[in-house]
Amino acid sequence: MSAAQDLDGTYTVTSLTDYRGPLQKQSDGITEIKDGKTYRVDEAGCEWRSTFEWVSETQVKMTSVADPKNARRDFLLIGPNGAPTAEPQIYESTLTVKRMGEKVQMTGTISYGAETIFLTMRKMS
């Protein structure tokens with residue numbers, strides 16, 4: 001099994017943010033990692049494509065591209081300047097990987113503009 005496949009499985013994605021603006025955050029949900037990559041559509045219709053690359057035995061670099069082109073008309077992302085935008089955004093973070101048997105949890109912080117996001121991904125299967 002390759003390092004990328006080592007993370008393969010279905011994960012719940014949850015986040016906490018210090019964002020206090022007018023837009024509702026809707027990025028939490030379920031995603032599947034296969035060969036170090038994911039693709040999912042959140043409840044607003046925003047497309048998320050992520051890659052996971054091992055940087056050490058306990059850390060992976062996650063790069064996510066959020067593309068709202070097919071999202072609801074009233075849905076916007078927050079750009080690095082803090083302003084709402086309908087343009088794709090790229091988020092990067094180094095996630096810490098913890099294991100207990102078959103259970104896997106990845107956690108990390110995404111700093112984007114003035115916003116800080118605490119991300120947790122827990123393997124379901």
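**Entry 1: Ser15 and its polar contact**

I started with Ser15, whose side chain makes a polar contact with the side chain of Asp28 at 2.7 Å. I'm working from a predicted model here, so I keep that in mind for every value.

Next I looked up where Ser15 sits, and found it in strand 1.

I then checked what else Ser15 touches. Leaving out residues up to four places away in sequence, I got Ser27, Asp28, Ile117, Phe118 and Leu119. I also picked Pro68, 53 residues apart from Ser15 along the chain, and the two C-alpha atoms are separated by 18 Å.

**Entry 2**

Strand 1 (residues 9–17) runs antiparallel to strand 10 (residues 115–123), and seven bridges link them. One spot I noted is Thr14, which stands opposite Thr120 in strand 10.

Strand 10 also pairs with strand 9, again antiparallel, over eight bridges. Here I found Tyr112 opposite Glu115 in strand 10. The hairpin of strand 9 and strand 10 has two residues between the strands, and Gly113 takes a positive phi near 60° there.

**Entry 3: aromatic rings**

How many aromatic pairs does a search of the whole structure find? I got two.

I looked at Trp48 and Tyr91 to begin with. Their rings are stacked, 5.8 Å centre to centre with 25° between the planes. Trp48 lies in strand 4 (residues 47–56) and Tyr91 in strand 8 (residues 89–100), so this pair ties together parts that are 43 residues apart in sequence. Both Trp48 and Tyr91 are buried.

The other pair is Tyr91 with Tyr112, which is tilted: 4.7 Å centre to centre and 55° between the planes. Why does this pair tie together separate parts of the chain? Because Tyr91 is in strand 8 while Tyr112 is in strand 9 (residues 103–112), and those parts are 21 residues apart in sequence.

I checked burial for these two as well. Tyr91 has a relative accessible area of 7%, so it counts as buried. Tyr112 comes out at 12% relative accessibility, which also counts as buried.

Putting the rings together, I wrote down one aromatic cluster formed by Trp48, Tyr91 and Tyr112.

Key:
Residues numbered from 1 in each chain as written. Predicted model: local features only at pLDDT ≥ 70, side-chain atom pairs only at ≥ 80, totals over all residues. Heavy atoms only, no water. Phe/Tyr/Trp six-rings, centres within 6.5 Å; stacked < 30°, edge-to-face > 60°. Helix = DSSP H or I, 4+ residues; strand = E, 2+ residues; numbered from the N terminus. Buried < 20%, exposed > 50% of the residue type's maximum accessible area, 1.4 Å probe, protein only. Pairing = 2+ DSSP bridges. Contact = heavy atoms within 4.5 Å. Polar contact = N/O pair within 3.5 Å; in protein donor to acceptor, adjacent residues only side chain to side chain.
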